[in-house]
Amino acid sequence: MTTLIDTYPNAKDPASPLDIRPIGGRIGAVIHGVQLSGDIDAATVQAIEAAVIRHKVIFFRDQQHLDNAEHEALTSLFGDPVAHPTVPVAEGSKYLLELDSREGYAASSWHTDVTFVEAYPKASILRAITIPEAGGDTVWANGETAYEGLPEPLRQLANNLWVIHSNDYDYATTLGAGGALSESQAQIQRSHRAVFASTVYETEHPVVRVHPVSGQRSLLLGHFVRNFVGLNQADSQRIFNVLQDHITREENVVRWRWQPGDVAFWDNRSTQHRAVADFALQRRTLRRATVHGEVPVGIDGRSSRALRQEANPALQTA
(Lines give C-alpha, C1' and ligand atoms only; values in the text may rest on other atoms or scores of the structure.)
Protein backbone atom coordinates (compact mmCIF):
# COMPACT_ATOMS: atom_id res chain seq x y z
CA MET A 1 0.00 0.00 0.00
CA THR A 2 1.35 3.42 -0.96
CA THR A 3 1.49 5.92 1.91
CA LEU A 4 1.91 9.69 1.83
CA ILE A 5 5.53 9.40 2.92
CA ASP A 6 6.13 7.24 -0.15
CA THR A 7 4.56 9.94 -2.32
CA TYR A 8 6.92 12.66 -1.11
CA PRO A 9 9.45 12.63 1.76
CA ASN A 10 8.06 15.62 3.66
CA ALA A 11 4.41 14.53 3.75
CA LYS A 12 2.43 15.08 6.95
CA ASP A 13 1.76 12.02 9.11
CA PRO A 14 -2.05 11.61 8.85
CA ALA A 15 -2.07 10.21 12.41
CA SER A 16 -0.54 13.37 13.91
CA PRO A 17 -2.93 15.44 16.07
CA LEU A 18 -1.10 18.64 15.07
CA ASP A 19 -2.07 21.09 12.35
CA ILE A 20 1.04 20.52 10.23
CA ARG A 21 1.52 22.17 6.85
CA PRO A 22 4.64 21.05 4.94
CA ILE A 23 6.57 23.79 3.16
CA GLY A 24 8.90 21.94 0.79
CA GLY A 25 8.82 18.53 -0.80
CA ARG A 26 11.74 17.24 1.28
CA ILE A 27 12.08 19.41 4.39
CA GLY A 28 10.24 21.90 6.57
CA ALA A 29 6.74 22.38 7.98
CA VAL A 30 4.74 25.02 9.84
CA ILE A 31 2.68 23.98 12.85
CA HIS A 32 -0.41 26.03 13.64
CA GLY A 33 -2.54 26.16 16.78
CA VAL A 34 0.16 25.48 19.40
CA GLN A 35 1.19 28.02 22.03
CA LEU A 36 4.65 26.97 23.12
CA SER A 37 5.52 26.91 26.81
CA GLY A 38 6.97 24.75 29.53
CA ASP A 39 3.45 23.55 30.33
CA ILE A 40 2.37 21.89 27.09
CA ASP A 41 0.99 18.42 27.69
CA ALA A 42 2.88 15.18 27.14
CA ALA A 43 0.85 14.17 24.09
CA THR A 44 1.69 17.45 22.35
CA VAL A 45 5.37 17.11 23.27
CA GLN A 46 5.41 13.63 21.74
CA ALA A 47 3.66 14.85 18.59
CA ILE A 48 6.12 17.75 18.20
CA GLU A 49 9.08 15.39 18.63
CA ALA A 50 7.69 13.11 15.94
CA ALA A 51 7.13 16.08 13.62
CA VAL A 52 10.71 17.29 14.09
CA ILE A 53 12.09 13.87 13.15
CA ARG A 54 9.78 13.58 10.15
CA HIS A 55 10.04 17.13 8.75
CA LYS A 56 13.58 17.89 10.03
CA VAL A 57 12.71 21.52 10.89
CA ILE A 58 9.37 22.87 12.08
CA PHE A 59 8.24 26.46 12.56
CA PHE A 60 5.80 28.18 14.90
CA ARG A 61 4.56 31.73 14.28
CA ASP A 62 3.36 34.27 16.86
CA GLN A 63 5.21 33.04 19.96
CA GLN A 64 5.99 36.53 21.25
CA HIS A 65 4.98 35.49 24.78
CA LEU A 66 8.17 33.44 25.15
CA ASP A 67 10.87 34.95 27.32
CA ASN A 68 14.17 33.39 28.37
CA ALA A 69 12.68 31.43 31.26
CA GLU A 70 9.79 30.06 29.19
CA HIS A 71 12.14 29.24 26.31
CA GLU A 72 14.30 27.24 28.71
CA ALA A 73 11.30 25.52 30.28
CA LEU A 74 10.04 24.54 26.83
CA THR A 75 13.42 23.10 25.86
CA SER A 76 13.60 20.95 28.99
CA LEU A 77 10.47 19.08 27.85
CA PHE A 78 12.50 17.54 25.02
CA GLY A 79 15.58 16.43 26.95
CA ASP A 80 18.47 17.86 28.93
CA PRO A 81 19.32 21.43 27.87
CA VAL A 82 23.00 22.09 27.29
CA ALA A 83 24.93 25.35 27.05
CA HIS A 84 27.44 26.05 24.30
CA PRO A 85 30.84 24.61 25.31
CA THR A 86 32.80 27.84 24.75
CA VAL A 87 30.45 30.80 24.25
CA PRO A 88 28.96 32.40 27.42
CA VAL A 89 25.19 32.19 27.85
CA ALA A 90 22.91 35.12 27.08
CA GLU A 91 22.39 37.60 29.90
CA GLY A 92 19.54 36.54 32.17
CA SER A 93 19.49 32.93 31.01
CA LYS A 94 20.85 29.58 32.16
CA TYR A 95 21.98 28.14 28.85
CA LEU A 96 20.61 30.20 25.92
CA LEU A 97 23.04 31.28 23.21
CA GLU A 98 22.44 34.79 21.90
CA LEU A 99 22.93 35.33 18.17
CA ASP A 100 23.12 39.11 18.02
CA SER A 101 24.51 40.14 14.67
CA ARG A 102 26.46 43.36 14.42
CA GLU A 103 28.09 44.97 11.38
CA GLY A 104 26.32 42.52 9.07
CA TYR A 105 27.80 39.39 10.64
CA ALA A 106 26.02 36.04 10.93
CA ALA A 107 26.88 32.34 10.86
CA SER A 108 26.72 32.40 7.09
CA SER A 109 28.21 29.01 6.33
CA TRP A 110 26.49 25.61 6.31
CA HIS A 111 26.89 23.73 9.59
CA THR A 112 25.32 21.37 12.08
CA ASP A 113 25.44 22.80 15.61
CA VAL A 114 28.50 21.95 17.73
CA THR A 115 29.65 18.85 15.83
CA PHE A 116 33.17 19.42 17.13
CA VAL A 117 32.15 17.61 20.37
CA GLU A 118 31.40 13.91 20.71
CA ALA A 119 27.72 13.97 21.78
CA TYR A 120 26.65 17.13 19.97
CA PRO A 121 23.07 18.46 20.43
CA LYS A 122 20.22 16.35 19.11
CA ALA A 123 17.98 19.39 18.59
CA SER A 124 18.01 23.18 18.61
CA ILE A 125 15.17 25.61 19.36
CA LEU A 126 15.71 29.11 17.97
CA ARG A 127 13.56 32.13 18.91
CA ALA A 128 13.45 35.34 16.86
CA ILE A 129 13.56 38.60 18.81
CA THR A 130 14.70 41.39 16.47
CA ILE A 131 14.49 40.73 12.74
CA PRO A 132 15.73 42.91 9.85
CA GLU A 133 13.10 44.62 7.76
CA ALA A 134 14.60 42.80 4.79
CA GLY A 135 17.05 39.92 4.66
CA GLY A 136 18.43 37.73 7.44
CA ASP A 137 16.60 34.52 6.49
CA THR A 138 17.82 31.09 7.62
CA VAL A 139 18.02 28.02 5.39
CA TRP A 140 18.07 24.33 6.40
CA ALA A 141 19.17 21.28 4.41
CA ASN A 142 18.09 17.65 4.76
CA GLY A 143 21.06 15.31 5.19
CA GLU A 144 18.89 12.21 4.83
CA THR A 145 17.49 12.94 1.38
CA ALA A 146 20.98 14.09 0.38
CA TYR A 147 22.36 10.66 1.30
CA GLU A 148 19.50 8.84 -0.44
CA GLY A 149 20.11 10.86 -3.60
CA LEU A 150 23.82 10.10 -3.89
CA PRO A 151 24.91 8.10 -6.93
CA GLU A 152 25.84 4.58 -5.80
CA PRO A 153 29.63 5.03 -6.15
CA LEU A 154 29.52 8.19 -4.00
CA ARG A 155 27.26 6.48 -1.47
CA GLN A 156 29.73 3.63 -1.11
CA LEU A 157 32.55 6.14 -0.68
CA ALA A 158 30.64 8.06 2.00
CA ASN A 159 29.75 4.82 3.82
CA ASN A 160 33.43 4.17 4.49
CA LEU A 161 34.59 7.68 5.39
CA TRP A 162 35.22 9.13 8.81
CA VAL A 163 35.89 12.80 9.36
CA ILE A 164 37.45 15.07 11.96
CA HIS A 165 35.41 18.08 13.13
CA SER A 166 36.95 21.01 15.02
CA ASN A 167 35.95 24.46 16.23
CA ASP A 168 39.39 25.81 15.28
CA TYR A 169 38.83 26.75 11.64
CA ASP A 170 38.94 29.68 9.20
CA TYR A 171 36.50 32.19 10.69
CA ALA A 172 36.99 34.60 7.80
CA THR A 173 35.07 32.24 5.51
CA THR A 174 32.12 31.71 7.83
CA LEU A 175 31.61 35.06 9.54
CA GLY A 176 31.56 37.78 6.94
CA ALA A 177 29.60 40.79 5.88
CA GLY A 178 30.76 40.45 2.27
CA GLY A 179 33.59 42.34 0.61
CA ALA A 180 36.54 43.95 2.37
CA LEU A 181 36.36 44.17 6.16
CA SER A 182 36.29 47.45 8.02
CA GLU A 183 38.44 47.72 11.15
CA SER A 184 35.38 47.26 13.37
CA GLN A 185 34.34 44.16 11.40
CA ALA A 186 37.85 42.72 11.67
CA GLN A 187 37.79 43.33 15.42
CA ILE A 188 34.45 41.52 15.72
CA GLN A 189 35.94 38.59 13.81
CA ARG A 190 38.99 38.43 16.10
CA SER A 191 36.86 38.71 19.23
CA HIS A 192 34.50 35.98 18.04
CA ARG A 193 37.34 33.58 17.36
CA ALA A 194 38.97 34.33 20.73
CA VAL A 195 35.78 33.20 22.48
CA PHE A 196 34.57 30.45 20.15
CA ALA A 197 37.93 28.67 19.92
CA SER A 198 39.20 29.46 23.42
CA THR A 199 39.11 25.71 24.03
CA VAL A 200 39.89 23.61 20.97
CA TYR A 201 37.82 20.49 20.37
CA GLU A 202 38.43 17.78 17.80
CA THR A 203 36.13 14.81 17.31
CA GLU A 204 36.06 11.94 14.83
CA HIS A 205 32.60 11.25 13.38
CA PRO A 206 31.25 8.91 10.70
CA VAL A 207 30.36 10.73 7.49
CA VAL A 208 27.16 8.66 7.41
CA ARG A 209 25.27 8.77 10.71
CA VAL A 210 22.44 6.41 11.64
CA HIS A 211 19.55 8.26 13.30
CA PRO A 212 18.95 6.77 16.78
CA VAL A 213 15.15 7.06 16.50
CA SER A 214 14.22 6.64 12.84
CA GLY A 215 17.17 4.48 11.77
CA GLN A 216 17.60 6.66 8.67
CA ARG A 217 21.07 7.44 7.33
CA SER A 218 22.25 11.00 6.81
CA LEU A 219 25.40 12.83 5.76
CA LEU A 220 27.27 14.47 8.65
CA LEU A 221 29.48 17.29 7.33
CA GLY A 222 29.34 21.12 7.52
CA HIS A 223 31.90 23.85 8.15
CA PHE A 224 33.42 22.29 11.27
CA VAL A 225 34.98 19.59 9.08
CA ARG A 226 38.78 19.69 9.13
CA ASN A 227 39.73 16.63 7.09
CA PHE A 228 38.76 13.04 6.35
CA VAL A 229 40.57 10.35 8.32
CA GLY A 230 43.46 8.97 6.28
CA LEU A 231 43.34 11.71 3.62
CA ASN A 232 45.39 14.85 3.23
CA GLN A 233 43.90 18.33 3.25
CA ALA A 234 43.79 18.72 -0.52
CA ASP A 235 42.01 15.41 -1.16
CA SER A 236 39.73 16.03 1.83
CA GLN A 237 38.66 19.38 0.43
CA ARG A 238 37.80 17.94 -2.96
CA ILE A 239 35.71 15.12 -1.51
CA PHE A 240 34.09 17.47 1.00
CA ASN A 241 33.00 19.82 -1.77
CA VAL A 242 31.37 17.00 -3.74
CA LEU A 243 29.42 15.57 -0.79
CA GLN A 244 28.55 18.94 0.74
CA ASP A 245 27.16 20.16 -2.58
CA HIS A 246 24.77 17.21 -2.62
CA ILE A 247 23.46 18.19 0.83
CA THR A 248 22.77 21.79 -0.12
CA ARG A 249 21.11 21.18 -3.47
CA GLU A 250 17.97 23.30 -3.77
CA GLU A 251 15.77 20.18 -3.68
CA ASN A 252 17.02 19.42 -0.15
CA VAL A 253 16.66 22.95 1.24
CA VAL A 254 13.96 25.09 2.87
CA ARG A 255 14.26 28.85 3.47
CA TRP A 256 12.50 30.67 6.31
CA ARG A 257 11.63 34.37 6.33
CA TRP A 258 11.67 35.34 10.01
CA GLN A 259 9.14 37.43 11.87
CA PRO A 260 9.59 38.52 15.51
CA GLY A 261 8.16 35.80 17.75
CA ASP A 262 8.88 32.95 15.33
CA VAL A 263 10.35 29.73 16.69
CA ALA A 264 12.28 27.16 14.63
CA PHE A 265 12.84 23.67 16.06
CA TRP A 266 15.14 21.33 14.13
CA ASP A 267 16.63 17.87 14.31
CA ASN A 268 20.34 18.61 14.59
CA ARG A 269 21.18 14.96 13.85
CA SER A 270 19.94 15.07 10.27
CA THR A 271 20.22 18.68 9.08
CA GLN A 272 22.54 21.56 8.35
CA HIS A 273 21.63 25.25 8.37
CA ARG A 274 23.02 28.69 7.69
CA ALA A 275 21.99 32.30 8.14
CA VAL A 276 21.83 34.43 5.00
CA ALA A 277 24.07 37.43 5.74
CA ASP A 278 22.37 39.89 3.39
CA PHE A 279 21.00 42.35 5.95
CA ALA A 280 23.92 44.85 6.02
CA LEU A 281 23.82 46.95 9.22
CA GLN A 282 20.30 46.02 10.31
CA ARG A 283 19.96 44.41 13.76
CA ARG A 284 19.26 40.67 13.89
CA THR A 285 18.85 39.04 17.30
CA LEU A 286 17.80 35.47 18.04
CA ARG A 287 18.33 33.14 20.99
CA ARG A 288 18.99 29.43 20.73
CA ALA A 289 18.60 26.53 23.12
CA THR A 290 20.06 23.11 22.44
CA VAL A 291 19.20 19.65 23.78
CA HIS A 292 21.93 17.20 24.76
CA GLY A 293 22.45 14.55 22.09
CA GLU A 294 23.68 11.02 21.71
CA VAL A 295 27.13 9.94 20.51
CA PRO A 296 26.70 9.30 16.77
CA VAL A 297 26.94 5.77 15.40
CA GLY A 298 28.00 4.91 11.87
CA ILE A 299 26.59 2.20 9.65
CA ASP A 300 29.37 -0.16 10.78
CA GLY A 301 28.25 0.19 14.42
CA ARG A 302 31.26 2.24 15.50
CA SER A 303 30.71 5.35 17.62
CA SER A 304 32.22 8.81 17.33
CA ARG A 305 35.17 9.54 19.58
CA ALA A 306 36.67 12.69 21.05
CA LEU A 307 40.26 13.36 20.03
CA ARG A 308 41.16 16.64 21.67
CA GLN A 309 39.93 19.16 24.25
CA GLU A 310 42.47 21.74 25.37
CA ALA A 311 43.00 25.46 25.76
CA ASN A 312 43.94 27.05 22.43
CA PRO A 313 47.66 27.89 22.65
CA ALA A 314 47.35 30.37 19.76
CA LEU A 315 44.94 32.48 21.83
CA GLN A 316 46.81 32.40 25.12
CA THR A 317 48.36 35.67 26.31
CA ALA A 318 51.33 36.13 28.57
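This report describes the sheets, aromatic pairs, cavities and pockets of a predicted model.

## Basis of the description

Because the model is predicted, local features are taken where pLDDT is at least 70 and side-chain atom pairs count only at pLDDT 80 or more, while totals for chains, interfaces and linings use all residues. Residues are numbered from 1 along each chain as its sequence is written, and side-chain values use heavy atoms, with hydrogens and water left out.

## A sheet of three strands

Helices (H or I, at least four residues) and strands (E, at least two) are DSSP runs, numbered from the N terminus, and two strands pair if DSSP finds at least two bridges between them. With these terms, an open sheet of three strands can be described, which has the order β13-β7-β15 and antiparallel pairing. Strands β13 and β15 stand at the edges with a single partner strand each, so one side of each is left without a neighbour in the sheet. Neighbouring strands of this sheet are turned by 20° against each other on average, direction ignored, where the axes are lines fitted to C-alpha atoms (for helices over the stretch in contact) and angles run from 0 to 180 degrees between N-to-C directions.

Strand β7 (residues 138–142) and β13 run antiparallel and are joined by four bridges. Within this pairing, Trp140 has Val254 of β13 as its bridge partner, and Thr138 has Trp256 of β13. In a regular strand the side chains alternate between the two faces of the sheet. Strand β13 (residues 253–256) has a covered face with Val254 and Trp256, and an uncovered face with Val253 and Arg255.

## Aromatic pairs around Phe59

The structure holds seven aromatic pairs; rings of Phe, Tyr and Trp (its six-membered ring) pair if their centres lie within 6.5 Å, and planes under 30 degrees apart count as stacked, over 60 as edge-to-face and the rest as tilted. The rings of Phe59 and Trp140 have centres 5.3 Å apart and planes at 70°, so this pair is edge-to-face. Since Phe59 lies in strand β3 (residues 57–60) and Trp140 in strand β7, the pair ties together parts that are 81 residues apart in sequence.

How are the rings of Phe59 and Trp256 arranged, stacked or edge-to-face? Their centres are 4.0 Å apart and their planes are at 0°, so the pair is stacked. This pair links distant parts of the chain, with Phe59 in strand β3 and Trp256 in strand β13, 197 residues apart. Phe59 counts as buried because its relative accessibility is 0%, and Trp140 counts as buried at 0% as well, whereas Trp256 counts as buried at 5%; buried means under 20% relative accessible area, exposed over 50% and partly exposed in between (1.4 Å probe, protein chains only). Phe59, Trp140, Trp256, Trp258 and Trp266 form one aromatic cluster.

## A sheet of four strands

Another open sheet is formed by four strands in the order β12-β8-β9-β17, and its pairing is antiparallel. At its edges stand β12 (225–228) and β17 (305–311), each with a single partner strand, so one side of each is left without a neighbour in the sheet. Strand β8 (residues 162–166) and strand β9 (residues 199–206) run antiparallel and are joined by five bridges, and Ile164 stands opposite Glu204 in β9.

## Cavities and a pocket

On a 1 Å grid over the protein atoms alone, a cavity is a set of points where a 1.4 Å probe fits but cannot get out, and a pocket is an open set with protein on both sides within 12 Å along at least five of seven lines; lining residues have an atom within 4 Å of a point. Grid points are joined across faces, edges and corners, and a volume is the space filled by probe spheres set on the points. A search of the whole structure finds three cavities of 30 Å³ or more, and the largest cavity holds about 50 Å³ of space. Its lining includes Thr112, Tyr120, Gly143 and Arg269, and β11 (217–219) and β15 (271–275) each supply at least two lining residues.

The second largest pocket holds about 230 Å³ of space. Of the 12 residues that line this pocket, the closest to its centre are Pro9, Arg54, Lys56, Glu144 and Gln216. Helices α2 (42–55) and α4 (143–148) are the elements that give two or more residues to the lining of this pocket, and the largest share, three residues, comes from α4.
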